[in-house]
Amino acid sequence: MKVKEGYYRTIWIKQGDKKTIQIIDQRSLPHEFIIKDLNTVDQVAEAIKDMYVRGAGLIGATAGYGMYIATLEALVSNSFDEHLNLAAKQLTATRPTAVNLAWAVDRQLKAIQKGNNNQEKVDIAYRTATEIADEDAEYCRKIGEFGLSLIEEIQLKKKGKRINILTHCNAGWLAFVDYGTATSPIYAAFDKGIDIHVWVDETRPRNQGARLTAWELYEHGVPHTVIPDNVGGHLMQHGQVDLVITGTDRTTYTGDVANKIGTYLKALSAKDNNVPFYVALPSSTFDWEMRDGCTDIPIEKRDENEVKYIQGLCDGEIKKVLLTPLESPAANYAFDVTPGRLVTGLITERGVCEANEKSILQLFPEHK
Ligand code: MRU
């Protein structure tokens, strides 16, 4: 996607150096645009855990590349397979909620074991990592096409008046390899000349909305307004939101949606105000084993300091400042689960379906 005069993906293999992965370090956005090299599995694991990269699709793609790096390390280790399995465990343990992570690691393990010798395994891992990343970008592009039809329906109803879309957290291209999920229909509509405006939830505590979604939309030229997390209900009550689109980190095959903390409250508010609430996801974000998301999806708890401190630009430097009394404890639940009954529909790379088992499995019959 667009950054200044250039076009970027969020992750790629360094040109001329097949042993180095490059990422955009999201910790310093929007104030600094830093590209970071990753050369070891330890570095890849740290990048996922400490959120240099984040978002379901990008975590998956990074883990895919991480497994390729693991094969390079395994070549010079005592036992190829043992090193690979340890790397798989290390990467899978970095973040528990986004299912794309385990999905990408498993996909790599299954593919790599088909190699007849270690060099062949490295080549397979390289190809699979590239496939995972390219597929993620392509699926997100398709999500944009299907989501665009929903926006066009609203455009007809509103007779061309400006369409207001609310989104939570960052399910933009920064959370994937390209395009994003929640933002993909937004970019498609904007590029088609539809008059849209986006309400961007700031998304405490790490402010992915205020820092990342706002930056993406700004770089692309999409009109937007950053709002504190508690404003959405008020806007919906006053007819200022035509559509909510969020992403998800894990969605059960029954339609329960885990997403950034605070999403559930937006869904409740949307229901109460008859605002359509859509969730956009590639099929890699479905958990085909899990039935009850509200009880079974593991919810990541992060360091309380992410709540107690806030990061921003001060005198030209990125700084963290303490927000609460130093002694006050804080709770940092990173995700919540919105039951499928509150979700109007799921926008996937195969089309739009309802958030229930029957409709999801109709679209993805191979998982019946
Ligand atoms: O903690 P994060 O930033 O990795 O959380 C993921 C998210 O950005 C959101 O929950 C997002 O809406 C879904 S992932 C595309």
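A polar contact is a pair of N or O atoms within 3.5 Å; within protein, one must be able to donate a hydrogen and the other to accept it, and residues adjacent in sequence count only if both atoms are side-chain atoms. The model is predicted, with local features needing pLDDT of at least 70 and side-chain atom pairs pLDDT 80 or more, while totals for chains, interfaces and linings use all residues. Residues are numbered from 1 along each chain as its sequence is written, and side-chain values use heavy atoms, without hydrogens and water.

View 1. A polar side-chain atom of R95 lies 2.7 Å from a ligand oxygen atom. For N259, a side-chain N or O atom is 2.6 Å from an oxygen atom of the ligand. The side chain of K260 likewise places an N or O atom 2.6 Å from a ligand oxygen.

**View 2. The shell around the ligand.** The ligand is surrounded by 17 residues (a heavy atom within 4 Å), and R54, R95, D249, N259 and K260 are the closest. Domain 1 (2-135) and domain 2 (147-367) each contribute at least three shell residues; the bounds come from an automatic or database domain assignment.

**View 3. The largest cavity.** The ligand takes up the space of the largest cavity (on a 1 Å grid over the protein atoms alone, points where a 1.4 Å probe fits but cannot get out; lining residues have an atom within 4 Å of a point). Its lining comprises 22 residues, with R54, G55, A56, N170 and D249 nearest the centre.

Definitions and conventions. 1 Å grid on protein atoms, 1.4 Å probe; cavity = no way out; pocket = protein on both sides within 12 Å on 5 of 7 lines; lining within 4 Å. Sits in = over half its atoms within 2 Å of the grid points.
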